Amino acid sequence: DDQIERERASQHLAGGCCALAAIYLMGKFYVANAGDSRAIIIRNGEIIPMSREFTPETERQRLQFLALLRPELLGKEFTHLEFPRRIQPKELGKRMLYRDQNMNGWAYKKIEEDDLKFPLIFGEGKKARMMATIGVTRGLGDHDLKVFSSNIHIKPFLSCFPEVRVYDLTQYEHCPDDVLVLGTDGLWDVTNDKEVAAVVMEVLTGYEPNDPCRYTMVAQELVVRSRGVLKERGWRLANDKLGSGDDISVFVIPLGGPGNYT
C-alpha cells in the first residue's frame, strides 16, 4: 500500500485493488485476503472457507468505531450511526431504530438534527456502500478516492491489512480432486460455493488424474459460466439470470495427487 502511494506521486498513477494471496510454506497454506475476493478449499466434496469478504456490512463496527474516534473524517455530511432507512426531516423528535459501533442488535433513539445526515454505511448486501461511494472496505491504493462532489477522503476507512487463515496440508490425505480455488468477486457475485464445487467435480472427472490441464480447464469453465452467454438482453447465465459484469479471475490449485505429471 505504501509502494502504491509512492508510485501515485512519482508516476502519477491512481487507483486501487483488492488482494488475495496464497502462500505454501513448510506444509501449510497461508491465505491472506484484503477485499472482496474469496478462497475455498474443496476436499473430498467438502467446502472449507479460507477467507471472508470485507464489505461495509461485515466491517460495520470497525468503520463506525473509527468514525466515532475521528468525526472529522465524516465532514459535515455523514453520521456514524446506522438506521434501517434514511431519516426524513419530518421525523425529528420521533423514535427510530438505530445501532452504533458497540451494537450487534438494534435499539430505539429519539431522532435529532445530526441523525438527518447521510449514514456512513447505507444499503444491504451487494448494494451496501460506505459513504455512498465504495462497496469494499479493505484493499490496496485508492489514496485519491473521495466522496462524489466533496473533499471527504475514503482512504482512512480502507484497511490494507489482510486477514490470514492457515490450512495444514499434513493433517489430511489429499487426492488429485482436492483443490484450492481463488476467485475475484466477479465469480462469487453470481456463483456460490456449492455451485463452484459442483463445477470442480464435474470438470475434473472428465480428465485423467495425472493430466495437468484438468485444473486449468476447471478455472476456464468457472470463468465462462460466470460470464454467461451474450443474448439480446445482455450476458445471461444458464438459468437466464444476469451474468457477472465484473472482472473474473480464477486460480485452481491442486492439493494432492501424483507428484510428477506426464
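**Questions about the model**

Visitor: Is Lys-155 buried or exposed?
Guide: This is a predicted model, in which local features need pLDDT of at least 70 and side-chain atom pairs count only at pLDDT 80 or more, while totals for chains, interfaces and linings use all residues. Residues are numbered from 1 along each chain as its sequence is written, and side-chain values use heavy atoms, with hydrogens and water left out. Buried means under 20% relative accessible area, exposed over 50% and partly exposed in between, for a 1.4 Å probe and protein chains only. The relative accessible area of Lys-155 is 14%, so this residue is buried.

Visitor: Which backbone oxygen does the side chain of Lys-155 reach?
Guide: Lys-155 sits in the loop between strand 12 and strand 13; strands (E, at least two residues) and helices (H or I, at least four) are DSSP runs, numbered from the N terminus. Contact means heavy atoms within 4.5 Å, and the contacts of Lys-155 beyond four places in sequence are Asp-1, Gly-139, Gly-141, Asp-142, His-143 and Leu-145. One of these, Gly-141, is 14 residues away in sequence and 8.2 Å away in space, C-alpha to C-alpha. At 2.8 Å, the side chain of Lys-155 reaches the backbone oxygen of Gly-141.

Visitor: What is the phi of Asp-142?
Guide: Asp-142 belongs to the loop between strand 12 (140-141) and strand 13 (163-168). Asp-142 is buried, because its relative accessible area is 19%. Although Asp-142 is not a glycine, its phi is positive, near 60°.

Visitor: Is Asn-44 buried or exposed?
Guide: Asn-44 also has a positive phi without being a glycine, at about 55°. Its place is the loop between strand 4 (38-43) and strand 5 (46-49). With 73% relative accessibility, Asn-44 counts as exposed.

Visitor: Which side chain makes a polar contact with the side chain of Arg-138?
Guide: Arg-138 lies in the loop between strand 11 (129-130) and strand 12, and is buried at a relative accessible area of 15%. Beyond four places in sequence, the residues it touches include Cys-18, Phe-54, Glu-59, Arg-62 and Phe-161. A polar contact is a pair of N or O atoms within 3.5 Å; within protein, one must be able to donate a hydrogen and the other to accept it, and residues adjacent in sequence count only if both atoms are side-chain atoms. The backbone oxygen of Phe-161 is 2.8 Å from a polar atom of the Arg-138 side chain, and the side-chain partner, also at 2.8 Å, is Glu-59.

Visitor: How many disulfides does the structure hold?
Guide: A disulfide is a pair of cysteine sulfur atoms within 2.5 Å. The cysteine sulfur closest to that of Cys-175 is in Cys-213, and at 19 Å it is too far for a bond. Cys-175 is partly exposed at 32% relative accessibility, and Cys-213 is partly exposed at 43%. The number of disulfides is zero.

Visitor: How far apart are the end C-alpha atoms of helix 5?
Guide: Helix 5 covers residues 213-227, which is 15 residues. The expected span is 1.5 Å times one less than the number of residues, so helix 5 should span 21 Å. The distance between its end C-alpha atoms agrees: 21 Å.

Visitor: What arc do the buried residues of helix 5 cover around the axis?
Guide: The buried residues of helix 5 are Arg-214, Tyr-215, Val-218, Ala-219, Leu-222 and Ser-226. They lie on the same side of helix 5, because the arc they cover around the axis is only 145°. That arc is taken from the directions from the helix axis to the C-beta atoms. Among the elements covering these residues are strand 14 (179-183) and helix 4 (193-204), and the arc is 145°.

Visitor: What phi does Gly-228 have?
Guide: Gly-228 follows helix 5. Its phi is positive, near 90°.

Visitor: What share of the residues of the protein count as buried?
Guide: The protein has five helices and 17 strands. Its C-alpha trace spans about 70 × 45 × 40 Å along the principal axes. Of its 262 residues, the share that count as buried is 42%.

Visitor: Which residues does UniProt list for "domain: PPM-type phosphatase"?
Guide: UniProt positions are given in the numbering used here, feature names are shortened, and annotations may be inferred rather than shown by experiment. According to the unreviewed UniProt entry, the domain takes in residues 1-255.
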